[in-house]
Amino acid sequence: MKKIIALFLAVLICFSLVGCKGSDKKDNYVGVITVALDKEAAPITVDNFISLAEEGFYDGLTFHRIMEGFMMQGGDPKGDGTGGSEKEIKGEFYLNGVNNTLSHTRGAISMARNGLSMDSASSQFFIVHKDSEFLDGQYACFGYVTDGMDIVDDICENAVNTDDNGSVPDNKRPKIISIMIRRAEISSAIYADITVDYSAVMK
């Protein structure tokens, strides 16, 4: 009888330890934001994004600009909003003569550009935190988050800013570990899995 009781207690302690281990599973704050890319609405933009992702361009870059209630912006090799890849692409939006009807609602992914040229988008992109339809027709939306908006919420709601433009200090930026492109076998759907380490934001 004593052996049975001892065995029961050992099992109970084991389950307690497992439960404790599971409770801090988000301590490292690494997660995946999955985006469905819409090549029909923005073919040039999607092809450019896929090309950069598959060559590893985004690996190790950060989200340098984050504004709660608006968006989180990343993909700049300089990390200050002025950088990009070696290539600039046509802005696929209404004001630039392209009938892109995708709206900048919560979860939209879109290309950043400078205010001087409609065809200045390169590598920088942003994910919309809250509906921002005022951007429609001015920026090239090219897909929507299908999974991981809880990560976007965590990042946007806990980011530390150094100015009113959403700049984030280097040591508080979420880091892009990788962007993996997946193509559906049955349909023509294309997904981007953006793996982000946002532990710096949550400290």
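1. In this predicted model, strands β4 (residues 108–111) and β5 (residues 125–128) run antiparallel and are joined by three bridges. Within this pairing, isoleucine 109 of β4 has isoleucine 127 of β5 standing opposite.

2. Strand β4 is also joined to strand β6, which spans residues 141–147; three bridges connect these two strands, again in an antiparallel arrangement. Here serine 110 is the residue that stands opposite cysteine 141 of β6.

3. Both faces of β4 are covered. Ala108 and Ser110 are buried on one side, while Ile109 and Met111 are buried on the other. In a regular strand, side chains alternate between the two faces of the sheet.

4. How many disulfides does a search of the whole structure find? The search returns zero. A disulfide is a covalent bond between the sulfur atoms of two cysteines.

5. The largest pocket holds about 360 Å³ of space. Its lining comprises 21 residues, of which Gln73, Ala112, Arg113, Asn114 and Gln124 are the closest to the pocket centre. By class, the lining of the largest pocket divides into 11 polar, seven nonpolar and three charged residues.

How values were computed. Residues are numbered from 1 along each chain as its sequence is written. This is a predicted model: local features need pLDDT of at least 70, side-chain atom pairs count only at pLDDT 80 or more; totals for chains, interfaces and linings use all residues. Side-chain values use heavy atoms; hydrogens and water are left out. A disulfide is a pair of cysteine sulfur atoms within 2.5 Å. Buried means under 20% relative accessible area, exposed over 50%, partly exposed in between (1.4 Å probe, protein chains only). Helices (H or I, at least four residues) and strands (E, at least two) are DSSP runs, numbered from the N terminus. Two strands pair if DSSP finds at least two bridges between them. On a 1 Å grid over the protein atoms alone, a cavity is a set of points where a 1.4 Å probe fits but cannot get out, and a pocket is an open set with protein on both sides within 12 Å along at least five of seven lines; lining residues have an atom within 4 Å of a point. Grid points are joined across faces, edges and corners, and a volume is the space filled by probe spheres set on the points. Ala, Val, Leu, Ile, Met, Phe, Trp, Tyr, Cys and Pro count as nonpolar, Asp, Glu, Lys and Arg as charged, and the others, Gly among them, as polar.
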